[in-house]
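Keep the viewer open as you read.

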Amino acid sequence: LVSGVGAKGTSAVMLSGGRGLGPEGARRLADLLSKAPPPLLVSLQLSNNQLDAAAATAVGQALTAVTSLTSLDIRGQDMGDGVWPVLTALLLRATALQVF
């Protein structure tokens, strides 16, 4: 489900719940974000998508190009400690970013 789509682009993407993206879907999302970072994206909800550390790292690295991001929901994942370096990099780039 994508919401907030306007003439200038997408401001919010909700990909939460259900069976989830899983690691492969998250890597595909990361690839898409890397190739065409949405300049107006302010909210990305990825809760309960069964992301592992590698998939979360790929998404996080892709999001470093999205400086407008203010909300990232990654609750309900089993990512382990491997995701912390990426989250730290995101928080340094986007000072208004809230991570849930």
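The lining of the largest cavity is made up of 10 nonpolar residues, 1 polar residue and no charged ones; here Ala, Val, Leu, Ile, Met, Phe, Trp, Tyr, Cys and Pro count as nonpolar, Asp, Glu, Lys and Arg as charged, and the others, Gly among them, as polar. This is a predicted model, in which local features need pLDDT of at least 70 and side-chain atom pairs pLDDT 80 or more, while totals for chains, interfaces and linings use all residues. Residues are numbered from 1 along each chain as its sequence is written, and side-chain values use heavy atoms, without hydrogens and water.

A cavity is a set of points on a 1 Å grid over the protein atoms alone where a 1.4 Å probe fits but cannot get out, and lining residues have an atom within 4 Å of a point. The structure holds 2 cavities of 30 Å³ or more, and the largest has a volume of about 70 Å³, taken as the space filled by probe spheres set on the points, which are joined across faces, edges and corners. Of its 11 lining residues, Ala56, Val59, Gly60, Leu72 and Ile74 are the closest to the centre.

Which helix gives the largest share of that lining? It is α2, with 4 residues; helices are DSSP runs of H or I, at least four residues, numbered from the N terminus.

Helix α2 also packs with α1 (residues 22-35), at an angle of about 15 degrees and with the axes 8 Å apart; axes are lines fitted to C-alpha atoms over the stretch in contact, and angles run from 0 to 180 degrees between N-to-C directions. The two helices, α1 and α2, are therefore roughly parallel, the term for angles under 35 degrees.

Conventions:
On a 1 Å grid over the protein atoms alone, a cavity is a set of points where a 1.4 Å probe fits but cannot get out, and a pocket is an open set with protein on both sides within 12 Å along at least five of seven lines; lining residues have an atom within 4 Å of a point. Angles under 35 degrees count as roughly parallel, over 145 as roughly antiparallel, 65 to 115 as roughly perpendicular and the rest as oblique.
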